[in-house]
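Dear colleague,

Please find below the structure for your records. My notes on salt bridges and on one helix follow it.

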Amino acid sequence: MLMLSKKVEYGLISVLYMSSLPSGELTTAKEISERYRIPGELLGKVLQALARADLVEAVHGAHGGYRLQVSLEEMTLGRVIEAIEGPVRLARCLENPGQCGQFAA
C-alpha cells in the first residue's frame, strides 16, 4: 500500500483549502496551520516547496500569502508529491539496477 507522508498530506490539505477560496484570494501559512492544526514551521516548508514547483504563488509583503497558481483541474497528485518529496520511484531497483538483486548482473 502506498502511504503518503505527513508533508504531502499537509500539502494536499493546503491546496484543497486554497481551491475553496474565491479566485485570487490569498491565505497565509498561519491561517491554514491554525484551521487544520498543522505545525506552522513544517507547513511553511511545504508551502515553499509548492511555490518552487509553481503550483502555488507566494506573494511577499505585509499583505502577502499564498494562492493557487495551477487550477485543481490541471494539478495532479504526482506533481504535488514530487514538489514536496522529490522524484517518485516505485521501486529502488529502478534507481540503480546494478546494485539490485532483482536484475541479473
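E34 and K30 lie four residues apart in helix α2 (residues 29-36), which means that about one helical turn separates them. Their side chains form a salt bridge, with 3.9 Å from N to O; the term denotes a side-chain nitrogen of Lys or Arg within 4 Å of a carboxyl oxygen of Asp or Glu. E34 is exposed at a relative accessible area of 55%, and K30 is exposed at 58%. Here buried means under 20% relative accessible area, exposed over 50%, and partly exposed in between (1.4 Å probe, protein chains only). Helices (H or I, at least four residues) are DSSP runs numbered from the N terminus.

This is a predicted model, in which local features need pLDDT of at least 70 and side-chain atom pairs pLDDT 80 or more, while totals for chains, interfaces and linings use all residues. Residues are numbered from 1 along each chain as its sequence is written, and side-chain values use heavy atoms, leaving out hydrogens and water.

The structure holds four salt bridges. Another of them joins K45 to E41 (3.9 Å, N to O), four residues apart in helix α3. In helix α1, K6 and E9 are three residues apart, and their closest N and O atoms are 3.5 Å apart. K6 is partly exposed at 49% relative accessibility, as is E9 at 35%.

In helix α4 (residues 77-85), V80, I81, A83 and I84 are buried. Just after α4, G86 takes a positive phi of about 95°.

Yours sincerely

Technical notes: Helices (H or I, at least four residues) and strands (E, at least two) are DSSP runs, numbered from the N terminus.
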